[in-house]
Amino acid sequence: MKSTLVLHIALPVPLYQSFEYLAAARQGVDDVNIGARARVPFGRRTLIGIVVEKTDSSRLPASKLKPVHAILDTQPVFNTHLMALLFWAARYYHQPPGEVFSAALPKVLRTGKFIAPVTKTIYRVCNHEVSGEVLRRAPKQRLIFELLLANADGLSGDEITRRVPDWRPAARALLSKKLVVKVPQDAAQPITTSGVASKEFSLNQEQYHAYNQIHQNLHKFDVYLLAGVTGSGKTEVYLALAKEVIVNRRQVLILVPEIGLTLQLVQRIQSASDARVAVMHSNLSDAERAQVWLAANTGSAQIVVGTRSAVFLPFKNLGLIVVDEEHDLSLKQQEGFLYHARDVAIYRAKQTSIPIILGSATPSFESQYNVNTGRYQKLVLSKRARRTKIPEVKLIDLRSKAVSDGLSNELLQAIEGELGQQQQVLLFLNRRGYAPTLLCRDCGWVAECSRCDVRMTFHKQQNIIRCHHCCRQQQAPDQCPLCQHKNILWLGEGTQRVENKLRQVFPNTAITRIDRDNTRKKNTLYTKLKDIHAGKYQIIIGTQMLSKGHDFPGVSLVGILNVDHGLFSTDFRATERLAQLIVQVAGRAGRATNTGKVLLQTYQPEHSLLNCLLAHGYEAFSREALKIRESCSLPPYTFMTLIRARAHRQEFTRRFLYDVKNFVETSPQWKFLGPIPAMQERKAGLYQSQLVVISSNRKILQQRLHDWIPAIQQLPLAKRVRWSVEVDPLEME
Ligand code: ADP
Ligand code: ZN
Ligand code: ZN
């Protein structure tokens, strides 16, 4: 008798188990691969899942098992390595494996479709230094060359045929003259030197030391913390190593926190090498993402530069991982599957036995702690590569000064001075919109979101007020809804207000603003950044998006408008974050010349944190701050997990979390904080509370959570709240 084949399939549903199905009668055990996609019936739906196990029997009676509709792949979409990584991530972050698998697939595959490889070959110009004039004796070559010059993205053979019949011999001549290249058109974009001349310099001593340490150990796992001040040339170290890795036919993954940084990095890679680079970020279309996935899988992408989800790409032969700006919060996924891309990357490097570099001018306390305990190796770049000094931060005491629209006279004068010398000025304010508060002067009414515990932000251009938490928006009232008076005041300032003011004060100056409100459309951020580099703007106003990583050689003055709220946060990480922000933003100044200045406006010029940071630097500051963490038994000295509950009724969230706490046994191995309501207790109409579990032993905490979760699922209130678990939370909200 033919034995049955039972397939265990992980499905994208919020349940921690996999589900058993019968293989089709004609399918033998070798016909179905672990890691392949399967289409299966689930209740009344049809779902796409991943085959995770094959057995010849089931605990369920055969009559209870449904057959799969179809196995979609002959080759698995996840190889064994990636599968193991995803299983680890599911277990570590306490997420249903099916949901983790699903999150790691591009949408095309997730929805049961297939990625058709793009096989077109493209001709494009690779030498932009010459003009068609040099080909005046070969008119056909010249015609093709100029045609390609006019089409920067290149043209396929078909496209050329349409314009120049019988073109191939001339194209071959251009190829052999190295004026034109022929490249497969896929996600891995080859070089378009676009005028960026490659820089001629060799690594300095510190850079070389860092490079060499890693270079000598390319074949084994190690975590390197590359602690290099802003502008110290960390990127050059990554690139030098990447070249070596590529020569050995292996691939490089470079994770960056923000889309904006991918462009800059790709340009630098392209001006320094002829590697095939693919870019992965949230601004890509589904089809583009699918092509990147494929390019990683086939190995056609030698380097992938990507934001956090790139950590799950199916590399054919990964040889090095770089996590740039490793301290950055954006590396942590903030909704759905809550993973930290840096930490997943470290596991991946370990699993693959390759080195991983964590780079930052302001290393996270976690990473510094891991250096102190000997788990990571620290490599230091202490000086700026271009020998410019790191500018000192000067405080502007706002307390007794005239301030209008967030700008003190002192700062305005400094801006004027720089503009007079044709320098660029960068102003940082971490709040978008026009004004964060709309207030009635007569009765004190304040515009608040009806679904969240937050004030609505005024956006003057569209004359609306918008909630930055749930995105609800409405027409801005011109009279008070309570007392009907028309005495409404816009209080505080956002980037739009500062922009307005500057346009009034400096009417003949080119000013641009970069924040989430005006960079949503595809490519607008890229264009803006390019224009800033090209010197098109003298004043740049930006939020968080501009604080990190960017190399703006023309900026000589950085103004930090207001970070005081960071000094009073209840989140124990707020000071770490504020220090990182100040150092990073300040680091944008004076990168090319020696004239950088940084002015920080504050109402708290005597604050001890500010003063410690400014007088002694980030490292000394973090040493002090780490002592406090240790004495309070806070991370990184302990490990934290958050159990969150959301519900339409406030009491449900608290009662549920009390039930969790009471059900879990007490032990000296862990302790609970809370339940406490979230800082913004109401968000999009749902109340939130949280219970914090802290332990000094990660293993025990993880183990116990695995026991607790199934039991928590059984609690009576578990069905009336939406609850979730977050491992290593970074924001306490
Ligand atoms: P980081 O990534 O540490 O902020 P970058 O790699 O952006 O620093 O380097 C800062 C600037 O210094 C860049 O313009 C870069 O081209 C330049 N640079 C880097 N290394 C060197 C070097 N060895 N010699 C001269 N200039 C360098
Ligand atoms: Zn009123
Ligand atoms: Zn809201």
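# A tour by selection

Select H327. Leaving aside neighbours within four places in sequence, H327 is in contact with S360, T362, P363, S364, Q580 and Q584. The model on your screen is predicted. Is H327 buried or exposed? Its relative accessible area is 13%, and since buried means under 20%, H327 counts as buried.

## Step back to the whole chain

Clear the selection and show the cartoon. How many helices and strands does the chain have? The chain holds 19 helices and 32 strands. Turn the model to view its C-alpha trace along each principal axis: the spans are about 90 × 85 × 55 Å. The radius of gyration of the chain is 28 Å, while a compact globule of 733 residues would have one near 27 Å, so the two values agree.

Next, colour by burial. Of the 733 residues, 54% are buried. The surface of the chain exposes about 33700 Å², and carbon and sulfur atoms supply 50% of that area. Contacts can also be sorted by how far apart the partners are in sequence. Taking contacts between residues at least 6 apart, 75% join residues at least 24 apart.

## Ligand 1

Select ligand 1 and show the residues around it. There are 18 of them, and the closest are Q207, K234, T235, R268 and R386. What classes make up this shell? Four of its residues are nonpolar, seven are polar and seven are charged. Which helix gives the most to the shell? Helix 8 (residues 234–247) does, with three residues.

Zoom in on the oxygen atoms of the ligand and look for these side chains:

- K234 places a polar side-chain atom 2.9 Å from an oxygen atom of ligand 1.
- T235 has a polar side-chain atom 2.8 Å from an oxygen atom of ligand 1.
- R386 also has a polar side-chain atom 2.9 Å from an oxygen atom of ligand 1.

How much of the ligand does the protein cover? Taken alone, ligand 1 exposes 560 Å², and the protein buries 90% of that.

## Y16

Select Y16, in the loop between strand 1 (6–10) and strand 2 (19–22). The relative accessible area of Y16 is 34%, which makes this residue partly exposed. Which residues does Y16 touch, not counting residues up to four places away in sequence? They are H94, Q95, P96, P97, I709 and Q713. Of these partners, look closely at H94. The backbone oxygen of H94 lies 3.1 Å from a polar atom of the side chain of Y16.

Now draw a distance from Y16 to A90. The two residues are 74 apart along the chain, and their C-alpha atoms are separated by 9.1 Å.

## T602

Select T602, which is part of strand 28 (residues 597–602). With a relative accessible area of 0%, T602 is buried. Show what surrounds it: not counting residues up to four places away in sequence, T602 touches L395, I396, D397, L398, D564 and L610. Then find Q604. The backbone nitrogen of Q604 lies 2.7 Å from a polar atom of the T602 side chain.

## Backbone stops

Select P635 and P636. The peptide bond from P635 to P636 is cis, with omega near 5°. P636 is in the loop between helix 17 (608–631) and strand 29 (639–647).

Move on to G674 and P675. A cis peptide bond joins this pair too, with omega about 10°. P675 is in strand 30 (residues 670–683).

Then select D405, in the loop between strand 17 (403–404) and strand 18 (407–408). D405 is partly exposed, with a relative accessible area of 22%.

End at D728, in the segment after strand 32 (722–727). D728 is not a glycine either, and its phi has a positive value near 50°.

Note on methods. Residues are numbered from 1 along each chain as its sequence is written. Chains are lettered from A and ligands numbered from 1 in the order in which they are written. This is a predicted model: local features need pLDDT of at least 70, side-chain atom pairs count only at pLDDT 80 or more; totals for chains, interfaces and linings use all residues. Side-chain values use heavy atoms; hydrogens and water are left out. A residue is near a molecule or strand if one of its heavy atoms lies within 4 Å of it. A polar contact is a pair of N or O atoms within 3.5 Å; within protein, one must be able to donate a hydrogen and the other to accept it, and residues adjacent in sequence count only if both atoms are side-chain atoms. Accessible areas come from the Shrake-Rupley method with a 1.4 Å probe; for residues, only the protein chains shown count as cover. Helices (H or I, at least four residues) and strands (E, at least two) are DSSP runs, numbered from the N terminus. Ala, Val, Leu, Ile, Met, Phe, Trp, Tyr, Cys and Pro count as nonpolar, Asp, Glu, Lys and Arg as charged, and the others, Gly among them, as polar. The radius of gyration is taken over C-alpha atoms; the globule rule is 2.2 Å times the number of residues to the power 0.38. Buried means under 20% relative accessible area, exposed over 50%, partly exposed in between (1.4 Å probe, protein chains only). Contact means heavy atoms within 4.5 Å.
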